[in-house]
Amino acid sequence: MAGEVRALAQRAGTAAGDIRRLIDTSAQGVADGSREVGEAGRAMGALVEQVRQVAQLVGTLSASQAEQRRGIGQIGQAMNQLDEATQRNAALVEESAAAAASLRTQSERMAGTVARFQLAG
């Protein structure tokens, strides 16, 4: 009976050692998992910050694009005004050329009419 008690005590000691090793392994696994969770949390935080920065850049680009659109619209308006002024100037040049031609014709007629008169000298 004493032998059985010793054998039982020895198996209990071995089982206790096995249990202790399992507990140590589990504790190490929990520590490793906790460290990995912390690293994942930091990585997620960095990712969230990068997404925030990208969103901010997209907002800046959108504002720049809107400003460019306004600038292009203003350039288009200026070009239309320039075109209208050019057309008005062209019409004025045509009118001036017609008036000059008319004045030339009238001047020639007047010169012809004046040539008929002779002054007593």
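The following dialogue examines how the terms applied to this predicted model follow from their definitions.

User: On what basis are the values computed?

Analyst: In this predicted model, local features need pLDDT of at least 70 and side-chain atom pairs count only at pLDDT 80 or more, whereas totals for chains, interfaces and linings use all residues. Residues are numbered from 1 along each chain as its sequence is written, and side-chain values use heavy atoms, with hydrogens and water left out.

User: What makes up the secondary structure of the protein?

Analyst: The protein has 1 helix and 0 strands. Helices (H or I, at least four residues) and strands (E, at least two) are DSSP runs, numbered from the N terminus. Helix α1 comprises residues 2–116.

User: How does the radius of gyration of the protein relate to that of a compact globule?

Analyst: The protein has a radius of gyration of 52 Å, but a compact globule of 121 residues would have one near 14 Å. The radius is taken over C-alpha atoms, and the globule rule is 2.2 Å times the number of residues to the power 0.38. Along the principal axes, the C-alpha atoms fill a box of roughly 175 × 15 × 15 Å.

User: Which span does UniProt list as "domain: Methyl-accepting transducer"?

Analyst: The unreviewed UniProt entry lists residues 1–104; UniProt positions are given in the numbering used here, feature names are shortened, and annotations may be inferred rather than shown by experiment. In the model this span is 99% helix and 0% strand, and its end C-alpha atoms lie 150 Å apart.

User: Why is the contact of Arg35 with Asp32 called a salt bridge?

Analyst: The term requires a side-chain nitrogen of Lys or Arg within 4 Å of a carboxyl oxygen of Asp or Glu. The closest N and O atoms of Arg35 and Asp32 are 3.1 Å apart, so the pair qualifies. Arg35 and Asp32 are 3 residues apart in helix α1, separated by about one helical turn. Asp32, Arg35 and Glu39 are linked in a network of salt bridges.

User: Why are Arg35 and Asp32 called partly exposed?

Analyst: Buried means under 20% relative accessible area, exposed over 50%, and partly exposed in between (1.4 Å probe, protein chains only). Arg35 has 44% and Asp32 has 24%, so both count as partly exposed.

User: How do you know that Glu49 and Arg52 form a salt bridge?

Analyst: Their N-to-O distance is 2.4 Å, so the pair meets the salt-bridge rule. Glu49 and Arg52 also lie 3 residues apart in helix α1.
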